[in-house]
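These are my notebook entries on one structure, kept in the order in which I looked things up.

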Amino acid sequence: MLTRGGITQYYTDCSKKQAFTLNGLRQDGPDMDLELPGEAIELQKLCRDFAATEIEPHAESWSEQERFPAEVFLKMGELDLTGLLIPEEYGGTDAGFVAYVAAMEAIGAADQSFAAAWNAHSTIASLPLAAFGTDEQKQKWLTPLASGTHIGAFGLTEPTAGSDAAGIRTSARRDSDGWLINGTKMFITNAGTEVSLGVTILAATGTNPDGSKRFGTFFIPTGTPGYTAGSKLKKIGWHAMDSRELVFDNCWIPAENLIGEEGNGLRQFLDVLDGGRISVAALALSLAQRALDLAATHAGQREQFGRPLTAFQAIQHKLADMATEVEAARALVYRAAWLADNGRPFGQAAAMAKLYASEVANRAASESVQIHGGYGYMRESTISRFYADAKILEIGEGTNEIQRNVIARHVIRAAGA
């Protein structure tokens, strides 16, 4: 049976090994095992079974209705699947990123909208509290998030700021023994659902002596006066995921709602962003694999000129290219996850995984639609939903242009240039 802390013990045992080889370089540290640990395999099976019964049969109707199934998220909480990256003392399972990626492969293959909401909850909504919150804040807010009785949200993007995180205009001004929040956040996931606990936001708190902005991270509970969630936004894909504009109009919160240090909010956000990029990369990997599976199945069943599509070399080559790229993406994603779990620098690896996996997902979805032909263009087809969901993976959690900037900085720094 899957037990809390079991996967953590696996990595503790691995740390006793002497060295590993990565990119041809021998370095001190544990061996990188390309086989998933047993606990991760068991977790993935649990998620596949859950997805097969609770997600897959309903995904199309959720998409058509543009409804987030909060009741299914609560069921995930009952199975301890909503706090995989959170310590056990705060209601999580502390499974680690490798196990989380394995779980995401199963959930994302069933429905990207639901998986994306789970992703936002599990990473950028929960990790700031886990990394920088006080024990009191963790007990109050992180525990219900990790246990899955409520869903979490994070608000960074604004109408005039996204990739330029430092350009946000939402402000937090000291007011008596609290903070007064004013501003607008855009494209925010989960904050408008009926099980929303609240939203963690980044806000400008003032300026430094050199004129640069200061930032703070704040938790704003659902129902706080002055905090309003707008109507659901209409998106190209991710139809079942709840995305809204959030407005803060003289929204007052007590001083204890500040997470971490005032003035260090942007750095705190960037510190947890790498983990979020691994999660989005895993989401992209799940889509790419599902697109490949759907294409192979359809090609084996569809006949043209008296033969199945799989008999034609053109189709065989498409499937071969898709399969090769999916496996390459899988290697990058799990490598980044493994580095994170083993306490090694993983910023560059996370950016590479997110960049490549998201672009592979888009290519795989496009080729899968092409193999499906007219059937793939119908909204009733499963691949059409995944095709519509693919594009956002190149935008969310830092656009792919930003990922290339991050990777380039690492490469230039390593070269001493």
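I call a residue buried under 20% relative accessible area, exposed over 50%, and partly exposed in between, with a 1.4 Å probe and protein chains only. The model is predicted, so I keep in mind that local features need pLDDT of at least 70 and side-chain atom pairs count only at pLDDT 80 or more, while totals for chains, interfaces and linings use all residues. Residues are numbered from 1 along each chain as its sequence is written, and side-chain values use heavy atoms, with hydrogens and water left out.

**Entry: backbone angles.** I noted that most residues other than glycine have a negative phi. I then looked up S176, which is not a glycine and yet has a positive phi of about 55°. S176 sits in the loop between β4 (171-175) and β5 (178-189), where strands (E, at least two residues) and helices (H or I, at least four) are DSSP runs numbered from the N terminus. S176 is exposed, because its relative accessible area is 75%. W238, also not a glycine, has a positive phi of about 50° and is found in the loop between β8 (227-232) and β9 (243-254). W238 is buried, because its relative accessible area is 13%.

Entry: I found D111 in the loop between α5 (97-110) and α6 (112-122), and D111 counts as buried because its relative accessible area is 1%. Leaving aside neighbours within four places in sequence, D111 is in contact (heavy atoms within 4.5 Å) with I55, A59, W62, R385 and F386. I next read helix α13 (residues 382-390), where R385 and F386 are among the buried residues, together with I383, S384, D389 and A390. The cover over the buried residues of α13 includes α3 (59-65), α5, α6, α9, α11 (347-372) and α12 (374-377).

**Entry: L292.** This residue lies in helix α9 and is buried, because its relative accessibility is 11%. Not counting residues up to four places away in sequence, L292 touches L319, M322, A323 and V326. I also noted that L292 and D321 are 29 residues apart in sequence and 9.9 Å apart in space, C-alpha to C-alpha.

**Entry: cavities and pockets.** On a 1 Å grid over the protein atoms alone, a cavity is a set of points where a 1.4 Å probe fits but cannot get out, and a pocket is an open set with protein on both sides within 12 Å along at least five of seven lines; lining residues have an atom within 4 Å of a point. Points are joined across faces, edges and corners, and a volume is the space filled by probe spheres set on them.

Which residues lie nearest the centre of the largest pocket? They are T157, I395, G396, E397 and G398, out of 46 lining residues. The elements that give two or more residues to this lining are α6, β5, α9, α13 and α14 (400-415). The volume of the largest pocket is about 1,300 Å³, and α9 gives the most to its lining, with nine residues.
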